Amino acid sequence: MSNFQSWGLEWFNAQRNEHLVEPLTIVHSGGSLPVQGSVIDPETTVNSEGIRVISDKGRIIVNTSDVSSVTIRRGVKILRGSKTYEVIIDRDNPTYYNDANNIELVIPVRMLCS
């Protein structure tokens with residue numbers, strides 16, 4: 001069983017390294033911090049009248065260790081190329097870990113401009 005768990009952890013780490021590669025900059029009260037991450041863009045839905053609706057909310061996944069020196073809180077900005085996101089942590093949108101080992105942190109954001 002331990003070989004299967006080791007294989008699973010190796011696969012998971014390889015996937016993380018492959019997909020958390022987008023350059024991001026976290027802008028906080030103490031300055032800015034460049035990190036690698038992955039952005040899950042806001043979802044697009046079509047309502048009953050056939051009108052396409054784009055939410056301004058999304059999520060950003062980063063390595064927890066990369067942001068350990070920063071307090072991720074409401075109002076912190078995250079830059080992704082020409083797009084600016086703002087952290088929207090609240091009761092309905094908390095940060096959470098994407099894995100059981102707390103290696104990846106998922107940050108709820110809303111797009112400010114693009």
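Me: What is the accessible surface of the protein, and how much of it belongs to carbon and sulfur atoms?
Reply: The accessible surface comes to about 7400 Å², with 51% belonging to carbon and sulfur atoms. Such areas come from the Shrake-Rupley method with a 1.4 Å probe, and for residues only the protein chains shown count as cover. Please keep in mind that this is a predicted model, where local features need pLDDT of at least 70, side-chain atom pairs count only at pLDDT 80 or more, and totals for chains, interfaces and linings use all residues. Residues are numbered from 1 along each chain as its sequence is written, and side-chain values use heavy atoms, leaving out hydrogens and water.

Me: Why is Arg 80 called buried?
Reply: Its relative accessible area is 16%. Buried means under 20%, exposed over 50%, and partly exposed in between (1.4 Å probe, protein chains only), so Arg 80 is buried. Buried residues make up 29% of the 114 residues in the protein.

Me: What makes Arg 80 and Glu 22 a salt bridge?
Reply: The closest N and O atoms of the two are 2.5 Å apart. A salt bridge needs a side-chain nitrogen of Lys or Arg within 4 Å of a carboxyl oxygen of Asp or Glu, so Arg 80 and Glu 22 form one. The pair links distant parts of the chain, with Arg 80 in strand E6 (residues 77-80) and Glu 22 in strand E1, 58 residues apart. Glu 22, at 25%, is partly exposed.

Me: How do you know that Asp 90 and Arg 74 meet in a salt bridge too?
Reply: Their N to O distance is 3.8 Å, and the limit is 4 Å, so the pair counts. Asp 90 lies in the loop between E7 and strand E8 (96-97), and Arg 74 in the loop between E5 and E6. Arg 74 has 53% relative accessibility and therefore counts as exposed, while Asp 90, at 31%, is partly exposed.

Me: Which residues join Glu 86 in a network of salt bridges?
Reply: Arg 110 pairs with Glu 86, their closest N and O atoms being 2.5 Å apart. Arg 110 is in strand E9 and Glu 86 in strand E7. Salt bridges that share partners join Lys 77, Glu 86 and Arg 110 into one network. A search of the whole structure finds four salt bridges.

Me: Which residues touch the most other members of the largest nonpolar core?
Reply: Of its 17 residues, these are Ile 26, Ile 60, Val 62, Ile 72, Ile 78 and Ile 107. Strands E1 (22-28), E2 (31-40), E5 (57-63), E7 (83-87) and E9 (104-113) each supply at least two residues of this core. A nonpolar core is a set of buried Ala, Val, Leu, Ile, Met, Phe, Trp, Tyr and Cys residues joined through side-chain atoms within 4.5 Å.

Conventions
Helices (H or I, at least four residues) and strands (E, at least two) are DSSP runs, numbered from the N terminus.
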